[in-house]
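Look over the sequence and the fold first, then read on.

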Amino acid sequence: MKQLLVLNGPNLNRLGVREPDVYGNATLKDLEAMIQSFAERTGNKIECRQSNHEGVLIDWIHEADKTARGIVLNPGAFTHYSYAIRDAIASVSVPVVEVHISNVHTREPFRHHSVISPVTSGQIVGLGLHGYELALQALLEIKKEE
Ligand code: DQA
């Protein structure tokens with residue numbers, strides 16, 4: 001069975017030290033451990049990756065079209081302006097669910113718009129790290145419905 005892929009974009013390696021009032025105290029390692037425990041509980045193989053580089057994220061999205069059954073993507077600030085990541089998602093058929101830890105809609109106006117959302121299956125915003133589990137659950141349901 002193909003695996004699920006969790007991709008975290010720029011600055012998410014700084015979780016735990018980065019603006020804890022916005023993103024909380026848990027680190028990327030904590031998040032990845034939570035995801036692995038979800039994987040064990042649900043009997044799925046889930047791979048987590050993080051990059052600060054747009055092109056690397058794009059290559060991973062392309063590759064996932066063959067190797068993954070779904071992608072959970074937190075594109076970080078690329079959310080708001082990366083047409084290249086948007087086009088990468090539009091070029092693949094693997095479903096993508098977009099996640100944001102913080103409630104971007106209560107923050108600076110530039111965070112209110114996602115150029116990514118129109119090409120994703122859905123978006124989960126403002127539910128903290130739990131959003132990743134919800135997104136993974138959603139991908140499992142999407143696959144069941146197909
Ligand atoms: C974020 C929100 C983005 O606006 C920000 O640039 C991030 C993290 C979130 O998870 O809340 O890096 O995607």
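Axes here are lines fitted to C-alpha atoms, for helices over the stretch in contact, and angles run from 0 to 180 degrees between N-to-C directions. Helices (H or I, at least four residues) and strands (E, at least two) are DSSP runs, numbered from the N terminus.

## Ground rules

This is a predicted model: local features need pLDDT of at least 70, side-chain atom pairs count only at pLDDT 80 or more, and totals for chains, interfaces and linings use all residues. Residues are numbered from 1 along each chain as its sequence is written, and side-chain values use heavy atoms, with hydrogens and water left out.

## Two helices side by side

Two packed helices are described by the angle between their axes and the distance between the axes. Take helix 3 (residues 54-67) and helix 4: their axes come within 9 Å and cross at roughly 5°. That makes helix 3 roughly parallel to helix 4. The word covers angles under 35 degrees; over 145 counts as roughly antiparallel, 65 to 115 as roughly perpendicular and the rest as oblique.

Which residues make the contact? Helix 3 supplies E54, L57, I58, I61 and H62. Helix 4 supplies A84, I85, A88 and I89. Contact means heavy atoms within 4.5 Å. By class, this contact has seven nonpolar, one polar and one charged residues. Ala, Val, Leu, Ile, Met, Phe, Trp, Tyr, Cys and Pro count as nonpolar, Asp, Glu, Lys and Arg as charged, and the others, Gly among them, as polar.

Five strands form an open sheet in the order 2-1-3-4-5, with parallel pairing. Two strands pair if DSSP finds at least two bridges between them. Strand 2 (46-50) and strand 5 are the edge strands, each pairing on one side only. From one strand to the next, the twist averages 20°. Helix 2 (residues 28-42) lies across strand 1 (3-8) and strand 2, and runs at about 165° to strand 2.

Now follow strand 4. Strand 3 pairs with strand 4 in the parallel sense over three bridges. There, V72 has V97 of strand 4 as its bridge partner. Strand 4 also pairs with strand 5 in the parallel sense, over four bridges. V99 stands opposite I124 in strand 5.

## Inside strand 4

How much of strand 4 is covered? Five of its five residues are buried. Buried means under 20% relative accessible area, exposed over 50%, partly exposed in between (1.4 Å probe, protein chains only).

In a regular strand the side chains alternate between the two faces of the sheet. In strand 4, V96, E98 and H100 point one way, and V97 and V99 the other way.

## Active-site annotation

An unreviewed UniProt entry marks Y23 and H100 as "active site". UniProt positions are given in the numbering used here, feature names are shortened, and annotations may be inferred rather than shown by experiment.

Y23 sits in helix 1. Y23 is buried, with a relative accessible area of 10%. Leaving aside neighbours within four places in sequence, Y23 is in contact with L15, R18, I101, S102, R107 and R111.

## Binding-site annotation

The unreviewed UniProt entry lists N74, H80, D87, I101, S102 and R111 under "binding site". They span 38 residues in sequence, and the farthest two C-alpha atoms are 24.3 Å apart, so they do not all gather at one spot.

H80 lies in the loop between strand 3 (68-74) and helix 4 (83-90). H80 is buried, at 14% relative accessible area. Not counting residues up to four places away in sequence, H80 touches F110, R111, H113 and V115. S102 is in the loop between strand 4 (96-100) and strand 5 (122-125). S102 is also buried, at 6% relative accessibility.

Most residues other than glycine have a negative phi, and most peptide bonds are trans. N11 has a positive phi of about 75° although it is not a glycine. E19 has a positive phi of about 30°, and is not a glycine either.

N11 is in the loop between strand 1 and helix 1 (20-23). E19 is in the loop between strand 1 and helix 1. N11 is partly exposed, at 38% relative accessibility. E19 is partly exposed, with a relative accessible area of 38%.
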